[in-house]
Amino acid sequence: MSENGEFSFKPAPTGRKELPKIQTKKPPNDVCHDDSGPTVNVQTIDQLHSLQKKKSAPTTPIKGGAPPSPLSEEQRQKQQLQSISASLASFTRETGPKVVRGDPAARKAEEQQVTDLDHFTPAISVSDSSLKFTHVLYNLSPAELYEQAIKYEKGSFVTSTGALATLSGAKTGRSPRDKRVVRDNITEHELWWGKGSPNIEMDEHTFMVNRERAVDYLNSLDKVFINDQFLNWDEEHRIKVRIVSARAYHSLFMHNMCIRPTPEELEDFGTPDFTIYNAGKFPCNRYTHYMTSSTSIDINLARREMVILGTQYAGEMKKGLFSVMHYLMPKRQILSLHSGCNMGKDGDVALFFGLSGTGKTTLSTDHNRYLIGDDEHCWSENGVSNIEGGCYAKCIDLSREKEPDIWNAIKFGTVLENVVFDEHTREVDYEDKSVTENTRAAYPIEYIPNAKLPCVGPHPKNVILLACDAFGVLPPVSKLSLAQTMYHFISGYTALVAGTEDGIKEPQATFSACFGAAFIMLHPTKYAAMLAEKMQKHGATGWLVNTGWSGGRYGSGKRIKLAYTRKIIDAIHSGSLLKANYKKTEVFGLEIPTEIEGVPSEILDPVNTWLDKKAHNDSLLKLGGLFRKNFEVFADYKIGKDNKLTEEILAAGPIF
């Protein structure tokens, strides 16, 4: 380089074959390029690592100039640990394990500092769990849970988009036949039992046997995950829930699906209203009374507790809590609903009910409207509110083109269940069913761009019941009376297309009371009566929308175009469909519009689209008969002193 540069080359000495030597000319400050800083003042690598993480400072603001809490941070954490220890108490041996916060791998040196927690001393007879500390990983962040899952849970990986892929074990779906509810002096008269009911009974003693087994298993572990969270965005009616689990996957799943407390809400959380003991990695004892397999999901409404044994499928926690809300909310005159819900920019709210394949997710997801929630809601005197803090979306055959919102929500923090991915790129193949068809993604609702936060809205203006009718006889849209809304709400109809062994495919009618029979606790008529009462009080209109076949049953007709269904839904939202002219159909007695902008008028009355009118009539009568048969189980149920309500509902069904 030039004389002004930093480096120069001198020729190699004569007779030697070697590279020229580099001569360094020192700048005036004697440093070529100095990017060093002061030496870190630590003695060990562990001390250096400790500098990476700073402790969270107390975040509770002083409201209205009120004096600070009399409890110190140490006292508050001590109370929190006492509450958690009480949750993990065994009722036959000890009051609760000795618990301490933190990962056992990082707490070896600190265990000696917590021996003064004498309030956890065993009170009755001693077991090994009382001689050790159970480490509590309390309300960990997604990043912390990722670390726990990847480090300790086989089958946990980070995908190419940043989501956590994990496995739920042998069970990749719910086990409704293994779900039990304690039948006691109160629930015997309050809950729906018997034919058609999802509630399978167990007694208090058997519940306690299973609870003890779950608690013993959890106490035997070095660490457990604790989630303290909320259900219901309506703060006046929210429920505090505690989830005790053995897997980081389960903790992250519930972190996403429940409502996440603010730091100040967490500091004042106190005692939970309901507790889940998820010991799903451990089977139940099959010789225990009422057990029919190694799986058992048990709910005790009196104790406000749920026990999970023998299944690691995370959806059991979500739907178990939904069942609990179906019991607790009606006691407050609040209607719990298995529905999607969105809101227009003018504040008009619509509820969407529908079983799998009816288009509930597709139609309730509208970029011109705000999403309040996709699955579970409450309707109180304050309006509607989402029960959950997240979404649990199906992933099979997911594509960016068809469902961009779900596709884009699968990123860091999202749990992907049972998906298959490339071992090198970690790109997910959503079409691969090698593990299960029931692949799922659980993500916070704020991952959806048009989510309404907080997830609450005014009273609904429209209640939309969706049916995919493969018999081809239900109109694309019908305006329902209150009695008809109750009838079709209780029926919860759709038709699936199932293949037989010889390849012939016939529509299969499916009925699920209140569009969620697996989760309701009371008789369906009670929920229907509450729905009708709220609709009448707040001026909501009921609609039956068929997203299935037209011009013939499955195999001969064609499915109604999604573009037409969207036009129908738009007309419902705008209110223009209320102003249409209507005529009544035969058998079901449905009010159908004669004209809708953007929809061919001839398809609005199904009989017009069938070439074979006799075949249409036969199919119509067949479906009417299926409705009647299904409703037999509800026909003898009475609300109040007389049978008037039941008679009104029955009269709203098919007549022929």
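Residues 24 or more positions apart account for 72% of the contacts (heavy atoms within 4.5 Å) in the protein chain with a separation of 6 or more. Keep in mind that this is a predicted model, where local features need pLDDT of at least 70, side-chain atom pairs count only at pLDDT 80 or more, and totals for chains, interfaces and linings use all residues. Residues are numbered from 1 along each chain as its sequence is written, and side-chain values use heavy atoms, with hydrogens and water left out.

**The whole chain**

- The protein chain has 16 helices and 34 strands; these are DSSP runs numbered from the N terminus, with helices being H or I of at least four residues and strands being E of at least two.
- Of the 656 residues in the chain, 51% are buried. Buried means under 20% relative accessible area, exposed means over 50%, and partly exposed lies in between (1.4 Å probe, protein chains only).
- The accessible surface of the chain is about 31,800 Å², and carbon and sulfur atoms hold 52% of that. Such areas come from the Shrake-Rupley method with a 1.4 Å probe, and for residues only the protein chains shown count as cover.

- Strands of a sheet pair through backbone hydrogen bonds, either parallel or antiparallel. Here, two strands pair if DSSP finds at least two bridges between them.
- Strands β11 (residues 274-279) and β13 (residues 305-309) run parallel and are joined by five bridges. Asn278 has Ile308 in β13 as its bridge partner.

**A sheet of four strands**

- Another open sheet has four strands in the order β14-β18-β19-β25, with antiparallel pairing. Because β14 (335-338) and β25 (456-457) stand at the edges with a single partner strand each, one side of each is left without a neighbour in the sheet.
- Helix α8 (residues 315-328) packs on this sheet, where it touches β14 and β18 (376-380). The directions of α8 and β14 make about 145 degrees.
- Two bridges pair β19 (residues 383-386) with β25 in the antiparallel sense. Ser385 stands opposite Val456 in β25.

**Salt bridges**

- The structure holds 17 salt bridges, each one a side-chain nitrogen of Lys or Arg within 4 Å of a carboxyl oxygen of Asp or Glu.
- Glu265 and Arg238 meet in one of them, at 3.1 Å from N to O. Glu265 lies in helix α7 (residues 263-267) and Arg238 in the loop between β9 (223-231) and β10 (239-245), so the pair ties together parts that are 27 residues apart in sequence. Glu265 is partly exposed at 21% relative accessible area, and Arg238 is partly exposed at 24%.
- Arg303 and Glu305 form another, with their closest N and O atoms 2.8 Å apart. Arg303 is partly exposed at 28%, whereas Glu305 is buried at 7%.
- Asp375 and Lys318 also form a salt bridge, at 3.0 Å from N to O. Asp375 sits in the loop between β17 (370-373) and β18, and Lys318 in helix α8, so parts 57 residues apart in sequence are tied together. Asp375 is buried at 10%, and Lys318 is buried at 5%.
- Salt bridges that share partners join Lys318, Lys319, Lys360, Asp375, Glu376 and Glu388 into one network.

Note on methods. Axes fitted to C-alpha atoms, helices over the stretch in contact; angles between N-to-C directions.
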